[in-house]
Amino acid sequence: MPTTLPAFADVTTSDSALRRFLHGLPGVDAVGLEARAAALGTRSIKTTAKAYAIDLAISMIDLTTLEGADTPGKVRALAAKAVHPDPLDRTTPMTAAVCVYPDMVATAKAALNGADVKIASVATAFPAGRAALPVKLADTRDAVAAGADEIDMVIDRGAFLAGHYLDTYELIKAVKEECVREDGTAARLKVIFETGELSTYDNIRRASWIGMLAGADFIKTSTGKVGVNATPANTLLMLEAVRDFKAQTGIQIGVKPAGGIRTTKDAIKFLVLVNETAGEDWLTNHWFRFGASSLLNDLLMQRQKLSTGRYSGPDYVTVD
């Protein structure tokens, strides 16, 4: 675990020690952060570089359905789209994963039938996280047992905002332990902060470090269920956190912005942020994901335009 490394050996021994560490992190210059995110967003990507970026973005999507009205048929259709996003062009990359509720994991697994697409499941009383710890752990355990390759958990934002940082850390650590299967393999853990509810950039930086110290494989901005989700600025801040964490520990952590990323232009802006902040090591779907579904359709339309010279329009892609 990262907390056994010399640099952080004493950080999580008590709530006061963790608080001292987190409040000792450099304060975030909000103006500077937003200005840098905006400046990187003006980079122009053309021709072959754009084609590469589109395919890369498609391969990084966690194709998601998280609605009360989800049915087995809808999940099977989502899985089919993840494997063949454009049925008329089999050179189109598969998406990274499909993301569903725990009770739909088995359906997704059967539908994917061994395809190289991960099964991600939300857990821990997603999206609000308002449940007792045993319920959250059972939620995770059920999803892993059903075949989930990845778990997207939510932190207790109320505990975090009340300053109970060690409780937040212990929750993540406990969920991480439930990700380990009987054969010793483990589902990768994505920790969702719901950045729109954390209020400040300083809080986002502190939450990022709690997640990384507790063993997160990914840190994720949002559930997509609140008004403010992924933004270039909050994603840039989290990319800086994983870059700094790797520099100090040698451990690489992924980043997943989710919610509000709908167009090819938006996706390319985020890829530029990754390259210019964390570096090329993060430019794979093993270390960077998009939590989005509507984004895929726009990427497919732009891909078709590059290959045919014509803009096909939304009628030429499947409706999610």
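Biologist: At what angle do helix 3 and helix 13 pack?
Modeller: A reminder at the start: this is a predicted model. The axes of helix 3 and helix 13 are 10 Å apart. Helix 3 passes helix 13 in a left-handed crossing. The packing angle is about 150°.

Biologist: Are helix 3 and helix 13 roughly parallel or antiparallel to each other?
Modeller: Their angle is about 150°. Angles over 145 degrees count as roughly antiparallel. Helix 3 and helix 13 are therefore roughly antiparallel.

Biologist: How many nonpolar residues are in the contact of helix 3 with helix 13?
Modeller: Helix 3 brings Lys50, Ala51, Ile54, Asp55, Ala57 and Ile58, which meet Leu296, Leu299, Leu300, Gln302, Arg303 and Leu306 of helix 13. By class, one residue of this contact is polar and three are charged. The nonpolar residues number eight.

Biologist: Where does Pro127 lie, and which residue does a cis peptide bond join to it?
Modeller: Pro127 lies in the loop between strand 3 (118–123) and helix 6 (133–146). Omega of the cis bond is about 0°. The partner of Pro127 in that bond is Phe126.

Biologist: Is helix 2 roughly parallel or perpendicular to helix 12?
Modeller: Helix 2 covers residues 30–40 and helix 12 covers residues 264–277. Their axes come within 9 Å and cross at roughly 115°. That angle makes helix 2, relative to helix 12, roughly perpendicular.

Biologist: Which residues of helix 12 make the contact with helix 2?
Modeller: The crossing of helix 2 past helix 12 is right-handed. Helix 2 contributes Arg36, Ala37 and Leu40. The contact as a whole has four nonpolar, one polar and two charged residues. On the helix 12 side are Val272, Leu273, Glu276 and Thr277.

Biologist: Now helix 11. Is helix 11 roughly parallel or antiparallel to helix 12?
Modeller: Helix 11 spans residues 232–249. Its axis comes within 10 Å of that of helix 12, and the two cross at roughly 30°. Helix 11 passes helix 12 in a right-handed crossing. The angle makes the pair roughly parallel.

Biologist: Which residues in helix 12 does helix 11 meet?
Modeller: From helix 11 come Pro232, Thr235, Leu236, Leu239, Glu240 and Arg243. The contact has six nonpolar, two polar and two charged residues. The partners in helix 12 are Phe270, Leu273, Val274 and Thr277.

Biologist: What volume does the second largest pocket have?
Modeller: This pocket is lined by 16 residues. Nearest its centre lie Arg43, Ile45, Lys50, Lys265 and Ile268. The lining splits into three nonpolar, seven polar and six charged residues. The volume of the second largest pocket is about 280 Å³.

Biologist: Which helix gives the largest share of the lining of the second largest pocket?
Modeller: Helix 3 (47–59), helix 12 and helix 13 (294–308) each give two or more residues to this lining. The largest share is four residues. The helix that supplies these four is helix 12.

Technical notes:
Residues are numbered from 1 along each chain as its sequence is written. This is a predicted model: local features need pLDDT of at least 70, side-chain atom pairs count only at pLDDT 80 or more; totals for chains, interfaces and linings use all residues. Side-chain values use heavy atoms; hydrogens and water are left out. Axes are lines fitted to C-alpha atoms, for helices over the stretch in contact, and angles run from 0 to 180 degrees between N-to-C directions. Angles under 35 degrees count as roughly parallel, over 145 as roughly antiparallel, 65 to 115 as roughly perpendicular and the rest as oblique. A crossing is left-handed if the near helix is turned anticlockwise from the far one by less than a right angle, and right-handed if clockwise. Contact means heavy atoms within 4.5 Å. Ala, Val, Leu, Ile, Met, Phe, Trp, Tyr, Cys and Pro count as nonpolar, Asp, Glu, Lys and Arg as charged, and the others, Gly among them, as polar. On a 1 Å grid over the protein atoms alone, a cavity is a set of points where a 1.4 Å probe fits but cannot get out, and a pocket is an open set with protein on both sides within 12 Å along at least five of seven lines; lining residues have an atom within 4 Å of a point. Grid points are joined across faces, edges and corners, and a volume is the space filled by probe spheres set on the points.
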